[in-house]
Structures are given as C-alpha cells and as structure tokens.
Amino acid sequence: MTGRLQNKVAVITGGTSGIGEVTAALFVSEGAQVVICGRSEEKGTAIADRLGDACQFITADVMREADIAKTIEFAATTFGGIDILFNNAGGPTSGDI
C-alpha cells in the first residue's frame, strides 16, 4: 500500500462487520490509527486484535448519543485527535420511508 493515511486517525462506526470491518483493515494498511465501534464486544475485540496496535475497539450503539460522545472522546484521548469520521453504522428509523 501507499501509506496515504499515514499519521491520520479514523473513527469507523459499525466497524464490527461488513463494509466497516473491511474499511478498518484498509485504513490500517494505509497507515491510519483506527477506532472502530459497534455493539458486539466479541467481534470488535477480535477485529482489533487481528489488526494490531493501530486499531482499537470501543463498544457503542450509534442510536445512543452518549455512546457516540464516548467513542469520539476515546479516539481523541487514545490517538490525539480525529482526522476521519466514517459514519458507517445504520439503525432503524420509525415510520415509513
């Protein structure tokens, strides 16, 4: 890879599966430090362990504002700031589309 994200810090919501998981791996391979969040501690911990020290996991539900604030604070404290925010997680909405 080219290191295009060297010295960047990324937060990826919904990082415990699918697009979020693959994006986390890509960002790490490009040199970023990544915080992934999701509801599954088991999945998130396994992904962070696999990706190494450049990836950290925090349990969070994006439908809860306090969890989002906790995630942002964790990223800023752990890696010194945030350069990239990938709002990947989805959640249910009430009513019709």
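**View 1. Pro 92 in the segment after β4.** In this predicted model, Pro 92 belongs to the segment that follows strand β4. Exposed residues are those over 50% relative accessible area. Pro 92 has a relative accessibility of 66%, so it counts as exposed. Leu 26 is 66 residues from Pro 92 along the chain, and the C-alpha atoms of the two are separated by 27 Å.

**View 2. The open sheet of 4 strands.** The strands of this sheet are arranged in the order β3-β2-β1-β4, and their pairing is parallel. Strands β3 (55-59) and β4 (84-86) stand at the edges; each has a single partner strand, so one side of each is left without a neighbour in the sheet. On average, neighbouring strands of the sheet are turned by 15° against each other, direction ignored.

**View 3. Strand β2 and its partners.** Strand β2 covers residues 33-38 and runs parallel to β3, to which 5 bridges join it. Within this pairing, Val 34 has Cys 55 of β3 as its bridge partner. Strand β2 also pairs with β1 in the parallel sense, over 5 bridges. Here Val 34 of β2 stands opposite Ala 10.

**View 4. Strand β1 and its two faces.** How many of the residues of β1 are buried? The count is 5 of 5, and the strand is mostly covered. On one side lie Val 9, Val 11 and Thr 13, and on the other lie Ala 10 and Ile 12.

View 5. Helix α1 is made up of residues 18-29 and lies across β1 (9-13), β2, β3 and β4. Its direction is at about 170° to that of β1. Helix α3, residues 65-79, also lies across β1, β2, β3 and β4. The angle between α3 and β3 is about 150°.

**View 6. Asn 7 in the segment before β1.** Asn 7 is placed in the segment that precedes strand β1. The phi angle of Asn 7 is near 65°, a positive value in a residue other than glycine. Is Asn 7 buried or exposed? With a relative accessibility of 66%, Asn 7 counts as exposed, because the cut-off for that class is over 50%. Leaving aside neighbours within four places in sequence, Asn 7 is in contact with Gly 31 and Asp 83. Glu 30 is 23 residues from Asn 7 in sequence, and their C-alpha atoms are 9.7 Å apart in space.

**View 7. The largest pocket and its lining.** The largest pocket holds about 280 Å³ of space. It is lined by 17 residues, and those closest to its centre are Gly 14, Gly 38, Arg 39, Ala 89 and Gly 90. Which kinds of residue make up the lining of the largest pocket? It divides into 6 nonpolar, 8 polar and 3 charged residues.

How values were computed: Residues numbered from 1 in each chain as written. Predicted model: local features only at pLDDT ≥ 70, side-chain atom pairs only at ≥ 80, totals over all residues. Heavy atoms only, no water. 1 Å grid on protein atoms, 1.4 Å probe; cavity = no way out; pocket = protein on both sides within 12 Å on 5 of 7 lines; lining within 4 Å. Points joined across faces, edges and corners; volume = space filled by probe spheres on them. Nonpolar A, V, L, I, M, F, W, Y, C, P; charged D, E, K, R; others polar. Pairing = 2+ DSSP bridges. Axes fitted to C-alpha atoms, helices over the stretch in contact; angles between N-to-C directions. Contact = heavy atoms within 4.5 Å. Buried < 20%, exposed > 50% of the residue type's maximum accessible area, 1.4 Å probe, protein only.
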